[in-house]
Structure formats: structure tokens, C-alpha cells
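The entries follow the order in which I looked.

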Amino acid sequence: MVKVMEQALESLGIAESNPGGFAGTWTGSGKEQTVNSPIHGEALASVTNVTPQEFDAILGRCHEAWATWKLVPAPKRGEVVKAIGDELRRNKQALAELVTLEMGKSLREGLGEVQEMIDICDFAVGLSRQLYGLTMPSERKQHRLQEQWHPLGVVGVITAFNFPVAVWSWNTAIALVCGDTVLWKPSSKTPLTAIACTKIAERVLRDFGFDPAICSLAIGRGSDIGDLINTDPRVALVSYTGSVPGGRHVGGLVQARFGRHILELGGNGAVIVSDKADLDIALRCIYFGAIGTSGQRCTTTRRIIVHEAIAPAFRERLLDLYRKTSIGDPRDPKVLMGPLVDTGAVETMLAAIETVKREGGKILIGGEKLPHPGGCYITPCIAEVPGNLPIVKEETFAPVLYFMTYRTLEEAIALQNGVTQGLSSAIITNDQRESELFLSAAGSDCGIANVNTGTSGAEIGGAFGGEKETGGGRESGSDAWKAYMRRQTTAINFSGKVELAQGITLEM
Ligand code: NAD
């Protein structure tokens, strides 16, 4: 067992062995899984998965809890979310440490991730008094039209390893104020953080006297527990975050039963660096965007498209930064880049680098495995490529940055849009005509398009998600809450007569 940070595990209620299911009581008698830290490969704790029978009972309880939760006034539901936010504030350091320990991102990024959870709780508290419906003028005399929003049901939240706690909170804070209950299936790579968050929600719900099954948990393999979520009509909405192939599978199954889904899938973020850019800003944005979370963000900067006039000098400055990157234990505040999530991710990155070379790209720096314990450390790589090679079009979930050049902005935008994913994009320029073109209908085709800031690090206030194979889903801020509720259109007649719409008459 890892000695350092053991306190974090303990204070969050993580034991040596933990049941992986919760719906008011903790259960889990399936396969036992040891969770190792990518920092050094040592065991942190173990988790027992839920069996299909246990899953059925958990979903049943979560669905039952909805029957009463949906009737609680929304501002009261907001008070519960406020208390969850407060509890997260109190446990911020410990939870961030656990994120770092289990997933390997730097502690400063772990703290940022927990802050994001707190922020979305604050947002949702305000939202709990703003679930507005419209009223519309009726074409009939003494009639009124309105639309109202009702709770939807159980939201199945399936999350990826790279934001092990934030994605749950984006969905849960909003779903709870909307009157939904939540059944979470986290990545099997990060079950401990999921248990810790569920215990926090459990405590708060019990304190308020509500059914703790409102925030349920089912840890298990995607291919069994995940598919049970996809196919069960008791799950009204499946919010799935993961790879494109995974999303294609989940989307197909949920659609087949006419369930709802939010798909938050892979990205292939690009930054255009204009010859009118502030290059200091460009460097900082690209550097953090490419190596942050060791290149394991959906919004990671994977491609840079640099104006040919500035490309040689810019390439040198970027290489210089890469040479100085401090790689190592992510708990060390001086370290910028920690390990990849597991040795499989390292192998995937090495294989991608070989493919780049085969397809005509040139490795400028990086891609060397480091001899640190655990085997998950690698130097970040930059590869110069003549355009969107087949491998460039794939999302290699690791710190590989493709460097390409352009002559006209139209050409750069075509390169930026020339991949199947459509999540995040950015332009660095001081020329307003360029930035406006980039933001126009002729510009970026992504769900996120930034100017003079990088592709990653989205704020919770905006709706988050992407187009094309990124899946089209939106979560978090703005009006993303509407996906978590049932819209109902109502016509109210106070005329004392019956009048049909469209002037239709009915003689009786
Ligand atoms: P993954 O696709 O391997 O797994 C994601 C989740 O899907 C896990 O919980 C997994 O257990 C589950 N799963 C697997 N099979 C399933 C099935 N049949 N039914 C239901 N669930 C199933 O992804 P990962 O490696 O954990 O995460 C990396 C991927 O996630 C990248 O592609 C990244 O871009 C993407 N991602 C997207 C966003 C976004 O908001 N767009 C955010 C974070 C990560």
C-alpha cells in the first residue's frame, strides 16, 4: 500500500477493500479489482464490482427514489446541491490528492478538477430557481400557451478515466436540481474517486433526510454493467463520456429503445497560430494544451497549424519548452507532466509514433519511455506532418502534438476542420478579421472555438460538447439542463367555449 497520501484515502472513507455498488446500502460481490496508482504501480485499494443481479436492485432503488425526489420543490433540491458543494469545499485537498493518486494528473490539475465540481454545484443552485418555461401568445381568444419542464427520471452517468470526478459532478449537480436521480458507472480505471464522491453525496442526502439512493453507484465492466444501463428503459437518459467507438455503441443501444443520450466523445483539438499572433500567448496556450493531463484531455491540443512565415522560429521556441518539461511524480509541485494512466496508454503512444514515421511524419522531439517505477512515464512528443495524415485524424490519447504549416487562413481552417471529431479549436491572432472569420459559419466547425486562449480548460458556465463524431451532446452550463428535463407544452382555455386551432370548425 502507498503510505504517502494514505490520509486522503482514509478521510474520504476508502478502505483496503470496498464494495463497488451503492443505492442506500453498499453492495458488491462480483469480481474483485485491485486499483494501482500510475505514479509507481503500487496498489491503493481494491474494489468488488457489482453483479448483474446487484445492478438490477441498485437501478430499482434509484428509480424508486426518483418517485419522491421529483416532487421536492426545485429550490429545495438546490439546497441539497449547495450542501454537496460545501462538502466538496471541505474535502477539496483530499479529493484532489485521490484524483492524482488514482489517475496520475498533477495535484494542481486535481485541485482544479475539484474546483470545477464546486463551481458546477454553485451554478446548479442558482439554476434551481431558473428552470424557466416560456409562455407564448395563443392564436385563439382567451387561451394561453405555455411550456413547462418536468423531471425526467434516472440519469445513467457513464464516465471516462481522465476527469474521474468532474464529469460526474457536471451531470449530477444539474440532474439533481432538475429532479432526476443519478446512477453512476465510472471508468474501471478510477473507481476509488467514484466511491469517495458517492460517500460525500450519501452523507449530505442522509443529513437532509432524503433517500441516499438519489445518488447511486454501480462499478463494473462497460461490456456488462454499461450495457445493462444502455438497454434498461428505467434509465431515461444516458450521459456517456468516452471514446468515439464506445459512444457509437452506447448511442445505438439507447436510441434503439428511444431513450435519450448525451454523447461526449473524443476530440482532436487544433490551434491555428497566425503570423499576426502574440507568440508568447501562443506558446503558453499550446504548451499547456498539449502536455496538460499528459495529453489525456478530450480538449487536448493535438494539432497546431502555424503560418509558414513564423513556423521555423516558433518551432524552435516550442522545442525549447518541451526540452525543459519536468516529468515525474505528479504530487511534486515542480513537476508539470505526470504519468499516463497505465502502461497500455504508453504502448498506444509508442505505436502511434511508429505509424507517424511510416506515414511520412518526422519526430522532432520526445516519445521516449522513461525508466520510472510503474512504467507509465514518457516524454511528450512533437511530430512535424505535411497535413492530416491518417494517424493525425485519430485521437491518440497521449501527449503527441502534430505540427503543420499553412499559407492562407482558409487553408488553415480547412485543415482544422478536416478531421472527423469536432470538439475544441482555437486561433491565436491579433487580427480581428481573422478571428471573426474563424468564429463565423465559414470558420471552425467545433463545439468550442476560442480566440487567444487554448483548446482546453473550459469553464462550467458554457455548454460543453462537440460536433461530428464528438457526438453532439452538451453538458454543464448555459441551457444544457434542458436535456435533463421533460418539456411539456400546455394550452389553457379560459374562454368558456371550445375553439379549435387553425380555424377548424366542428358542427355537432
Ligand atoms: P472509454 O471509451 O474506454 O471508456 C469510457 C467509459 O465507457 C468507461 O466508464 C467504460 O467502462 C465505459 N464503457 C465501456 N464499454 C461500455 C459499454 N458497452 N456500455 C457502456 N459503457 C461502456 O474511454 P476512456 O479511455 O475512459 O476515456 C478517454 C476517451 O474519453 C477519449 O476518447 C476522450 O476524448 C473521451 N472524453 C471525452 C470527453 C468529452 O467531454 N467530450 C471528456 C473526457 C473524455
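I began with the shell around the ligand and noted that helix H8 (222–231), strand S11 (235–241) and helix H9 (244–256) each supply at least two of its residues; helices (H or I, at least four residues) and strands (E, at least two) are DSSP runs numbered from the N terminus. H8 gives the largest share, 4 residues.

Before going on I wrote down that this is a predicted model, in which local features need pLDDT of at least 70 and side-chain atom pairs count only at pLDDT 80 or more, while totals for chains, interfaces and linings use all residues. Residues are numbered from 1 along each chain as its sequence is written, and side-chain values use heavy atoms, with hydrogens and water left out.

I then listed the whole shell: 27 residues surround the ligand, with Thr 159, Lys 185, Ser 243, Leu 265 and Glu 395 the closest, where a residue counts if one of its heavy atoms lies within 4 Å. By class I found 11 nonpolar, 12 polar and 4 charged residues in this shell, with Gly counted as polar.

Next I looked up polar contacts (pairs of N or O atoms within 3.5 Å). A polar side-chain atom of Ser 243 lies 2.9 Å from an oxygen atom of the ligand, and one of Tyr 240 lies 3.2 Å from an oxygen atom of the ligand. From Gly 222 a backbone N or O atom lies 3.4 Å from a ligand nitrogen atom. The ligand taken alone exposes 860 Å², of which the protein buries 86%, by the Shrake-Rupley method with a 1.4 Å probe.

Methods
A polar contact is a pair of N or O atoms within 3.5 Å; within protein, one must be able to donate a hydrogen and the other to accept it, and residues adjacent in sequence count only if both atoms are side-chain atoms.
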